[in-house]
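This report describes a single protein chain for a reader who has not seen it before. Please look at the sequence and the structure below, then read on.

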Amino acid sequence: QYIDVDTDGDGVVDRSEDDSPNGGDSNNDGTADSQQQNVASFRATTGAFAMVETQPGVLMSDSHVMGKPFVASTGPDAFIQSLNFLENQFGTTLTGLASGDAVSVSITFTANIVPTTFYAYGPTPGNVTPHWYEFLFDGETGAEINGNQITLQYIDGKRGDADLQVDGTILVSPGGPVIAPGDMDGIADEIEDAAPNNGDGNSDGIADSTQDYVASLLDINDRYVTVEAAPAVSLEALAFTNGAGLFTPDNIPGFLAGFNLTHGILGFEMTGLNPGDATVVKLYLPPGVDPKAYFKYGPTPDNAEPHWYDFNFDGETGAVFNGNVVELYFVDGKRGDSDLTANGVIIDPGAPAVEAKNTGGGGGGGGGGCSLNPAASHPLQAGAWWLLLALLAVIGSFTRQKV
């Protein structure tokens, strides 16, 4: 914001801090913020001031603020788009510590800024690749939220310290206050609230928009599908994908003949499992839909190369059909889990399939003419199996990096 003198060396220039409330003494301790290296005041995105303070003797340097995060529409961190970042992301470097020290940093926003959570970006002990993660207090490190004030707890070398080194320096991972949607499945509340049964797609008496393990979303033809996991499981990164244009009838597996993927390709992740857990997911398709198969794309224990396969129930994993409801049986790390790793995370790109109806228009492979919407004319018709998978291009869209 300014290029000017920074007397205290906290990374925020004097002119900015001197403009802060209470005559440049935003914490009202009788000393100008611009003269204290453990206090910094800066303008947030709304133009209002925010004040950052740590304990005396701890030195802040390279304090900085950044705008709201930009992320690609697909990829491991795409879920961040469903979050409402209220103000800038803040980062700083803390020195004057002994190795392994704990320290707290408070951020005070204007009274109208009342977040529900706090997200940070950087490496963590469980995942050294920089990524977005929820930085709530876990008993050791993280954000404690009290109205418009956030207290950030750090320990040198642990989660939140971006250098992950026990070296007497805490490189604060940049992060910011967030209002999260009612759940964390990545589907906007207004979409889930417009689902059938007044936003209760699985008819359990609870709005889908408030449940992490239930999500209602639109398929490629704007029809609602509800996905329900076990209550202890969180659904994340849900999306239907239309792979039109990336495949041709010439390279479609023969066993897909006779079926249409009228809903598109559904990708989602499940977290909150113990490694190796078995679990069941239900798909509630629109009334009148009668799926007969569920096809998946990815590696399997017997073939590490991504490929199409029929996810029929084999006694342990696979799809079971009951009218318009599909039950998907998974075991973490086994067939159907596309990361093939018993890590407490199940990744599932796949598609329910209905039998093709002969429209008399010529067709693809043994099943007669077919279309994505057999009841109406549709631009993706007759042999549109290649709709089936952009997965070569989009399978990365359904893979999230983990804390």
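Among the contacts in the protein chain with a separation of 6 or more, 61% are accounted for by residues 24 or more positions apart. The model is a predicted one. Its secondary structure comes to five helices and 23 strands. The protein chain has 403 residues, of which 50% count as buried.

**A buried aspartate**

Asp161 lies in the loop that runs between β10 (149-155) and β11 (170-171). Asp161 is buried, yet it has no salt bridge. A salt bridge needs a side-chain nitrogen of Lys or Arg within 4 Å of a carboxyl oxygen of Asp or Glu.

What does the side chain of Asp161 reach at 2.7 Å and at 2.9 Å? The table gives the two backbone atoms.

| Side chain | Backbone atom reached | Distance |
|---|---|---|
| Asp161 | nitrogen of Gly157 | 2.7 Å |
| Asp161 | nitrogen of Leu171 | 2.9 Å |

Leaving aside neighbours within four places in sequence, Asp161 is in contact with Ile155, Asp156, Thr169, Ile170, Leu171 and Ser173.

**The cavity**

How many cavities of 30 Å³ or more does the structure hold? There is one. The largest cavity has a volume of about 40 Å³. Its lining is made up of Phe42, Glu87, Asn88, Phe90, Ile107, Phe109, Phe118, Gly175, Gly176 and Pro177. Strand β12 (residues 175-179) gives the most to this lining, with three residues. In general, rolling a probe the size of a water molecule over the atoms shows where empty space is left.

Asp62 is not a glycine, although its phi is positive, at about 50°. Asp62 is found in strand β3 (residues 59-66).

Ser203 is also a residue other than glycine with a positive phi, here near 55°. Its place is in the loop between α4 (196-199) and β13 (214-218). Is Ser203 buried or exposed? Ser203 counts as exposed because its relative accessibility is 53%, and the cut-off for exposed is over 50%.

How values were computed: Residues are numbered from 1 along each chain as its sequence is written. This is a predicted model: local features need pLDDT of at least 70, side-chain atom pairs count only at pLDDT 80 or more; totals for chains, interfaces and linings use all residues. Side-chain values use heavy atoms; hydrogens and water are left out. Helices (H or I, at least four residues) and strands (E, at least two) are DSSP runs, numbered from the N terminus. Buried means under 20% relative accessible area, exposed over 50%, partly exposed in between (1.4 Å probe, protein chains only). Lys and Arg count as positive and Asp and Glu as negative; His and the chain ends are not counted. A polar contact is a pair of N or O atoms within 3.5 Å; within protein, one must be able to donate a hydrogen and the other to accept it, and residues adjacent in sequence count only if both atoms are side-chain atoms. Contact means heavy atoms within 4.5 Å. On a 1 Å grid over the protein atoms alone, a cavity is a set of points where a 1.4 Å probe fits but cannot get out, and a pocket is an open set with protein on both sides within 12 Å along at least five of seven lines; lining residues have an atom within 4 Å of a point. Grid points are joined across faces, edges and corners, and a volume is the space filled by probe spheres set on the points.
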